[in-house]
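Subject: Structure handover

Hello,

Here is the structure you asked for, with notes on what was found in it. Please read the notes with the coordinates open.

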Amino acid sequence: MNKPHLRLTGVHRHYGEGERLVRVLEAADLTVESGELVALVAPSGAGKSTLLHLCGLLESPQAGEIEIVGQPTSRLGDRARTRLRRSTVGYVYQFHHLLPEFTALENVVMPQLIAGRSPKQAEGRAMELLDLLGVAQRAEHRPAELSGGEQQRIAIARAAANRPRVILADEPTGNLDPETSDRVFAALEGLIRNEGAAGLIATHNHDLARRADRIVTLKNGLVVPHTL
Ligand SMILES: Nc1ncnc2c1ncn2[C@@H]1O[C@H](COP(=O)(O)OP(=O)(O)OP(=O)(O)O)[C@@H](O)[C@H]1O
């Protein structure tokens, strides 16, 4: 049975104060179930990155609750938040942020070693993911030796390495050509569905957004259903 792996209830997030006050989210609600892919489409400055940062426990709301796999996070201290984030959330950025001095394989192994997996287990999982994403033959290459699409698929493998229950992606195909965007999106989509993660992907690409189970946008500080 599907369970919500990600749930936001009454979330407020604003920046600045007085004349500089920017209200981004006001009592926003959002639920993403296991294995569900939700596309977030909204104009620049609407608050997509803010919403993803909140879901990924990289920022905190001023009010409201964010639950990850049923665990409320508003009262967690910094260490507990970091632990929960590392064990449950995979984050893919527009620019891959791979470590340049390490190979593709090492980049995917690293977060698993931090999570306490043995090097052998970590390598096995990393190769399985690189294979699934069609970049296994690039395992020993460093990021600078890879194309943009390959780098991004390795970043997806890294985000998925610890079997996160929540996969968040902020414009993951923003700097890729249409064909590569398609492959990268398909890779993310496959992982979310096969591994039963809750997926939230911000994208400006309407064709890709239409492949999601649902599309949402941000309006008057709320997360609302959207049709393209
Ligand atoms: N640290 C901050 N301090 C002040 N204002 C901020 C901060 N972070 C974001 N904002 C403001 O919050 C609003 C939402 O920003 P956000 O980056 O979430 O938008 P976005 O939809 O991701 O935009 P884009 O598509 O251009 O990346 C913007 O008006 C932005 O200026």
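An open sheet is built from 4 strands in the order β2-β1-β4-β5, with antiparallel pairing. At its edges are β2 and β5 (71-72), each of which pairs on one side only. Strand β1 (residues 4-15) and β2 run antiparallel and are joined by 8 bridges. Within that pairing, Pro-4 has Glu-33 of β2 as its bridge partner. Helix α1 packs on this sheet, where it touches β1, β2 and β4 (63-68). The direction of α1 makes about 125° with that of β1.

Please keep in mind that this is a predicted model. The protein averages a pLDDT of 94, and 99% of the residues score at least 70. As for the scores of the model as a whole, ipTM is 0.97 and pTM is 0.94.

In general, strands of a sheet pair through backbone hydrogen bonds, either parallel or antiparallel.

Both senses can be followed at β9. Strand β9 (residues 214-219) pairs with β3 in the parallel sense over 3 bridges. On that side, Ala-39 stands opposite Ile-215 of β9, and Val-38 has Arg-214 as its bridge partner in β9. With β10, β9 runs antiparallel, and 4 bridges join the two. Here Val-216 stands opposite Pro-225 in β10. β9 and β10 form a hairpin with 2 residues between the strands, and in this hairpin Asn-220 takes a positive phi near 50°.

Next, the ligand. Which residues are around the ligand? They are Tyr-15, Gly-16, Val-22, Val-24, Ala-42, Ser-44, Gly-45, Ala-46, Gly-47, Lys-48, Ser-49 and Thr-50. Two or more residues of this shell come from each of β2 (22-33) and α1 (48-55). The element that gives the most is α1, with 3 residues. By type, the shell divides into 5 nonpolar, 6 polar and 1 charged.

Finally, the overall dimensions. The protein has 7 helices and 10 strands. Its C-alpha trace spans about 50 × 40 × 40 Å along the principal axes. How does the radius of gyration of the protein, with 228 residues, stand against that of a compact globule, and what is the value? The protein has 17 Å, which agrees with a compact globule, because a globule of 228 residues would have a radius of gyration near 17 Å.

Regards

How values were computed
Residues numbered from 1 in each chain as written. Predicted model: local features only at pLDDT ≥ 70, side-chain atom pairs only at ≥ 80, totals over all residues. Near = placed C-beta within 6 Å. Nonpolar A, V, L, I, M, F, W, Y, C, P; charged D, E, K, R; others polar. pLDDT = per-residue confidence, 0-100. Pairing = 2+ DSSP bridges. Contact = placed C-beta atoms within 7 Å. Axes fitted to C-alpha atoms, helices over the stretch in contact; angles between N-to-C directions. Rg over C-alpha atoms; globule rule 2.2 N^0.38 Å.
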